[in-house]
Amino acid sequence: MLEILSHQYLKIFLKDQSISWKHIYSFGRIISKCIENDSTYLINSEIFSSYDWLPPILISLFLKEEDSTFILSREKIQFISQFQIDSLKNLGFNFIFKNDQFIFSNYYVRLITIQDLLNDPNFYNFTNHRIVYSGIEDIKEDLKNHFRISLLKKDWTKNFKEFELINQEFLKVYDSLKKKFFSRKVLGNSYINLDENEISFFSKFFYENSFFSDKFFSVNKALSQGWACWVKLNDINLDWNLYLQPIDELSQIKKLFLNNKFVFLSALRKDNFFQMYLKKISLDIDLVINFKSNFEEKKIKLYIPPKQLLPNNPLFTNSILDTCKKLILFRKGLTVVLSDDIDLKTNLATELASKYGKRVLLETIPSGKNEILCSSFDWWIINSFLIQIPEQIIIPLLPIPNMSEPINAITVSYKNKLSQDWFRDFFLPQARIKLERAVSPLRRNSGKLIILDGRVNKRNWGRLLLQNIQPSKKINYMLPFD
């Protein structure tokens, strides 16, 4: 019944709208069926990066007539509040929109960002609540940012006279540890991995002094749960900070996921990683559906130059610089060069600027048509919607997570102890998601993707990453490069 009714309402709604997504009715029927049957669906589509998919969700939630929550970005909440309220009221829905909530006579539909939801302790106690979760492709990063604890030097003291003696005692501990940590500092690395004795000391110290502040209490709780922890040194101020983060972020909200009714929406073309992620907490997806977006997919032209060097080769960086210069020669459109290696990214930008001058930009929004943009994968993914579609994307180094980051090294150590395949279970999915999101604009103009990392041909997992770039067509040469 809900499926038929929501289809009728959506048909009326779209009469006055300029939405060109041809799959919108099918999407609306799937959503209403999922909500009516209390199923758990994972729906993948790049359409979720736009606003065209919002009406079917809202109409189905309104018609269900029960309390529900819709997780989405702040930008999409603002779009709904500014441009869709009147159109929804014209359908005959009687509600008041206040504080990002559609308030009906006996139920509500709440719009909320994942950040605000995680900060609301009441949501962790919800049971049998209906939640539509869009942006699920960012869940790992969102949870990491939310749960990470940073204990700075200022957190070791309180600005009250009665705490003066305690402050002095705590600062002695802080300074004693500072000498110890700086004596172990390795040139070029500001991170210190803690050994078992140091973690044991911190556990005892913060347990005994958890009364001191909310931050001390949080650190004590995190250490008691076995969170990863490490130290970062500041060479300028000569101080150190303690960081803590759960190794398995999803376990922190497992109760919320298991006790409520979810529809998950991913803006990836296909999101196999999240399905695998949920299985680890025994949450099964009833159905996975992939929808095409509102543009005609074109094949990405994939070029892998022959005989590329491996990253551990001493000549790798010079080879990459030389290859990039040739690949950019005579190109008229935007070229994007992506690297998560900070040194390689900076060297590429510097060397290319020496040849092409102001055409070369380092993580700056281009204003012209014939520019060369060097950036990290994360910067490009966040800002690509503001930038023209590139003629070509050059990837000198695949986005494999860096072992120099403490959380990655600690996670690998943890998975090794459990005899788990940390590379295929942890590193490879992260690389696949970044690669998928970074190259997605090329499906709009059949742009070129050039990968210069020799591992794509010489490692089985590299060839697997290439197979996941779809739709694509390999090309064997690129003038004037070959």
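A polar contact here is a pair of N or O atoms within 3.5 Å; within protein, one must be able to donate a hydrogen and the other to accept it, and residues adjacent in sequence count only if both atoms are side-chain atoms. The model is predicted, so local features need pLDDT of at least 70 and side-chain atom pairs pLDDT 80 or more, while totals for chains, interfaces and linings use all residues. Residues are numbered from 1 along each chain as its sequence is written, and side-chain values use heavy atoms, leaving out hydrogens and water.

Q: How many residue pairs are in polar contact across the interface of domain 1 and domain 3?
A: Let's begin with the bounds, which come from an automatic or database domain assignment. Domain 1 covers 1–139 + 253–290, domain 2 covers 146–245 and domain 3 covers 300–475. Across the interface of domain 1 and domain 3, with both residues at pLDDT 80 or more, the number of pairs in polar contact is 3.

Q: What area is buried between domain 1 and domain 3?
A: The C-alpha centres of these two domains lie 33 Å apart. In contact (heavy atoms within 4.5 Å) are 10 residues of domain 1 and 13 residues of domain 3. Buried area is the accessible area (1.4 Å probe) that two parts lose on being put together, summed over both. Carbon and sulfur atoms give 51% of the total, which is about 970 Å².

Q: Which residue forms a salt bridge with glutamate 46?
A: A salt bridge needs a side-chain nitrogen of Lys or Arg within 4 Å of a carboxyl oxygen of Asp or Glu. For glutamate 46, the closest N and O atoms are 2.7 Å apart, and the partner is arginine 443.

Q: Which cysteine has the sulfur nearest to that of cysteine 324?
A: A disulfide is taken as a pair of cysteine sulfur atoms within 2.5 Å, and the count comes to 0. Cysteine 324 is in no disulfide; the nearest cysteine sulfur is 7.8 Å away and belongs to cysteine 374.

Q: Is cysteine 374 buried or exposed?
A: Buried means under 20% relative accessible area, exposed over 50%, and partly exposed in between (1.4 Å probe, protein chains only). With a relative accessible area of 1%, cysteine 374 is buried.
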